[in-house]
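Subject: Structure handover

Dear colleague,

Here is the structure I said I would pass on. Please open it alongside this message.

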Amino acid sequence: MSLPLAPSRRLDSVRSWWLPLGGIWALATIGDRLWLKVDGRVPSWDQADYLNSAVDHGRAIGLLPAGGWSGWADLLDLSPKIPPLASLVNGTVMAVAGDGVDEASWALALWHGLLLVVVALWGRQLLGRGFGLLAAALVALLPALAGLRVDYTLDIPLTAATTLALWRLGCWQAPAPRGGRWDQAVVAALTVAAALLVKQSALLVVALPSFWAAGKSLGRPRRRRQVLAALALVLALMLPWLRHNGITTLGGTQRAVVESAAAEGDPTGLSLAALLWYPRLWPQQFGVVLLLPAGAAALLAAWRARRSGPRGWLRALRSLPAGWPWLIGCTAAALFATILSPNKDARYIAPVLPLLTLLLARGWWWIGELLARRWSPLAAGGILAAGLAAAAVGTTRERLDAIERPDPSPIAPLITRLRELEGDRPTTLVMVPGTGDLNEQNVTYFGRLQGGRIVARRVGKWPKEHDQILRRSAWILLATGDQGARREPYRELSRRVRSDGRFEPVGSWSWTEGRKVELWRRKGGEGGKAGPVEVFDGDFIRLARG
């Protein structure tokens, strides 16, 4: 039995481990907050969709204004396509930090902190404290993850959750006495379920390692009981959401993965284009400075082992220290599953990047060991620090190049005007334009800030809808110039609204490329807040429940 740490040893542990790790997180977070302050873009479709989901869940559990608890069924209604865990966490952060875009991004900083802690602890388990801190620093410097830390999507939460799940699963599947305990099995099950409840694409990362670990353990009576109990725990946590939203989840996954991949022409299967799709992005995602030491270490190792042949390589793999075969297997399995996924995007590889970084960090560490033996530990540490500084410069330059300062968005003054006319009453705004910087998702998000209840809906894609829109809408947002996809039907609807005597303009704001947006309301009754709004809202509610 190990004795508790003495106070002096606890203090030394904080100074030599947690303070440097906290410093890595703090420096990365300061950089992210400065970037958010300078960048002027508004959330696009996906980002605004996730922000709205966080608002929905924060209101449903009574933490944000204009909401309150109304039962589990209503809570599960809010996550028809994506599991609810990240939105529950993000909505809770909004209640503390605020529901503005920059304030809401504090949730991403917390998820990033979790990722750094997991990588550091995993690295410490593999090779010691110094290696864990080096791996965490490299993860914080990855240009790809630095971009996702300020992009309000589920990629950073998903990456943190899947990395945690694989680490804890690896702790449980390790040979006794290090692994195989009941508490490890329970924690592994909880973290796997948490990853799946962040986003169902976590399956690409955790499924194969979970099946392998479970299959390996089924032949051992004690571990067989742990596997069955862990499986029951995962299903108990997942089934309420799956049972409530199974059909919409399958439909949403079909559209988001299969149909989207076909529309975008992404390579599928094991074609050469598919196999190289993500590796070709790594110089940009990792940065050349981070890749060079690891690549040099790999080449040097290959040169030293050139005479041993394939058998020598197999012996080397079999003689790897504890924990490394699991990390290598998880990395290969996750990379293989991600490559096989039909829909491909640069950010979809994010959950694999920390695993690859742990492997690359081993190359950095090996170079440091060689330098320490040839010169001195102090010189080796100085050279590694210089490498980290060079990587930081490269990532900073990349993030500065990514800053956008577009023209002021018309959304905020539009919402201000609409709230002046409608107050905090539930209001449906029918939208005609739909582009990345002006769409139903981000207008809805801004319309619900600070307890607002304005919801935007984009309709009018088909001419047959136009008569009903004119008959039943109270508020309509129009635009001049290009208004998005299916231009002609939307232009026709705009012409009909402008020439319809039942509507009048109440505001106009500059947009981009010389365009303007115009707010129109139905005449009669202050703000047009009588029957039409209630009828339209009722239709949307009935459709959603169906």
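Below are notes on a sheet, a helix contact and a pocket.

Please keep in mind that this is a predicted model.

The sheet

The sheet is open and has five strands, in the order β2-β1-β3-β5-β4, with mixed pairing. Its edges are formed by β2 (454-458) and β4 (503-510), each of which pairs on one side only. From one strand to the next, the twist averages 25 degrees.

Strand β1 (residues 427-431) runs parallel to β2, and five bridges join the two. To find your place in this pair, look for L429, which stands opposite A456 in β2.

Helix α21 lies across β1 and β2, and its direction is at about 170 degrees to that of β2. Helix α23 (residues 487-499) also packs on the sheet, where it touches β2, β3 (475-479), β4 and β5 (516-522). The direction of α23 makes about 120 degrees with that of β3.

The helix contact

Helix α21 (residues 440-447) also meets helix α2 (residues 45-60): their axes come within 8 Å and cross at roughly 35 degrees. The crossing of α2 and α21 is left-handed. On the α2 side, the residues in contact are W45, A48, D49, L51, N52 and V55. Their partners in α21 are E440, Q441, N442, T444 and Y445. Taken by type, the residues of this contact are five nonpolar, four polar and two charged.

- α1 (7-38) and α2
- α5 (101-104) and α8 (143-148)
- α14 (282-286)
- α19 (377-401) and α20 (411-422)

Which of these helices gives the largest share of the lining? That is α8, with four residues. By type, the lining of the second largest pocket divides into 23 nonpolar, eleven polar and twelve charged residues.

Regards

Key. Residues are numbered from 1 along each chain as its sequence is written. This is a predicted model: local features need pLDDT of at least 70, side-chain atom pairs count only at pLDDT 80 or more; totals for chains, interfaces and linings use all residues. Side-chain values use heavy atoms; hydrogens and water are left out. Axes are lines fitted to C-alpha atoms, for helices over the stretch in contact, and angles run from 0 to 180 degrees between N-to-C directions. A crossing is left-handed if the near helix is turned anticlockwise from the far one by less than a right angle, and right-handed if clockwise. Contact means heavy atoms within 4.5 Å. Ala, Val, Leu, Ile, Met, Phe, Trp, Tyr, Cys and Pro count as nonpolar, Asp, Glu, Lys and Arg as charged, and the others, Gly among them, as polar. Two strands pair if DSSP finds at least two bridges between them.
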